[in-house]
Amino acid sequence: MNETPDPAPPSWQKDVFAALKKRGIQQIAYVPDAGHSHTILEAQRDPAIHDVVLTTEEEGVAVVAGAWLGGQRAALLMQSSGVGNCVNMFSLLQMCQFPFLTLVTMRGEYAEFNPWQSPMGSTTQQALELMGITVLRADAPEDVEETVEAALDSVFEAGERVAVLLGQKLIGRKKWERD
């Protein structure tokens, strides 16, 4: 059987993990997502990072808050569709003033093929902002590292709650898999 090696991840995905590692992230919580695949794989390989697989995104809000209470830095990785699952849990962050970082891969934007992704994709930023979370956005590969590092500074130096939206153009077109 011929096995082809996995293609190298885009540079922006490498930049995300490098920024998280450089700023001392010790836990990464996530629901599996292709846009975050490199960061997830690297977190699984890195003995200094505890990766937490979630059954639903709102669990990640509690994981990140618990990590902070335990003296560790954590980040939540999710897709824009998962933001809607977290809205009620975001009240924990607001009421307790926990620092919080989430990296959100966007759907429902550029060349979206799945109409179910569009409603949440078009309101992700507003939902986050309504819950008191500052939103930063990166749509070009060269902006990702600086944007993630700026978010990390705001979260862990100033105690803010920040979401970085990683635009769908970064990930590229998705297509239905057909037999």
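Colleague: In which hand does α3 pass α4?

Modeller: This is a predicted model, in which local features need pLDDT of at least 70 and side-chain atom pairs count only at pLDDT 80 or more, while totals for chains, interfaces and linings use all residues. Residues are numbered from 1 along each chain as its sequence is written, and side-chain values use heavy atoms, with hydrogens and water left out. Helices (H or I, at least four residues) and strands (E, at least two) are DSSP runs numbered from the N terminus, and a crossing is left-handed if the near helix is turned anticlockwise from the far one by less than a right angle, right-handed if clockwise. By that rule, the crossing of α3 and α4 is right-handed.

Colleague: At what angle do helix α3 and helix α4 pack?

Modeller: Two packed helices are described by the angle between their axes and the distance between the axes. Axes are lines fitted to C-alpha atoms, for helices over the stretch in contact, and angles run from 0 to 180 degrees between N-to-C directions. For α3 (residues 57–69) and α4 (residues 80–96), the axes are 7 Å apart and the angle is about 35°.

Colleague: Which residues have the most contacts inside the largest nonpolar core?

Modeller: A nonpolar core is a set of buried Ala, Val, Leu, Ile, Met, Phe, Trp, Tyr and Cys residues joined through side-chain atoms within 4.5 Å; buried means under 20% relative accessible area, exposed over 50%, and partly exposed in between (1.4 Å probe, protein chains only). The largest such core has 27 residues, and the most contacts inside it belong to Leu-76, Val-83, Phe-90, Phe-100 and Leu-128.

Colleague: Is Glu-149, which meets Lys-22 in a salt bridge, buried or exposed?

Modeller: A salt bridge is a side-chain nitrogen of Lys or Arg within 4 Å of a carboxyl oxygen of Asp or Glu. Lys-22 and Glu-149 meet at 3.1 Å, N to O. The pair links helix α1 with helix α6 (residues 141–156), 127 residues apart. Lys-22 is exposed at 57% relative accessible area, whereas Glu-149, at 12%, is buried.

Colleague: Which residues do salt bridges that share partners join into one network?

Modeller: Asp-153 and Arg-23 meet in a salt bridge at 3.0 Å, N to O. This pair links helix α6 with the loop between α1 and β1, 130 residues apart, and Asp-153 is partly exposed at 32%. Through shared partners, one network joins Lys-22, Arg-23, Glu-149 and Asp-153.

Colleague: How many residues apart in sequence are the parts that Arg-73 and Glu-157 tie together?

Modeller: The closest N and O atoms of this salt bridge are 3.8 Å apart. Arg-73 is partly exposed at 23% relative accessibility, and Glu-157 is exposed at 61%. Arg-73 lies in strand β3 and Glu-157 in the loop between α6 and β6 (161–166), so the separation of the parts tied together is 84 residues.
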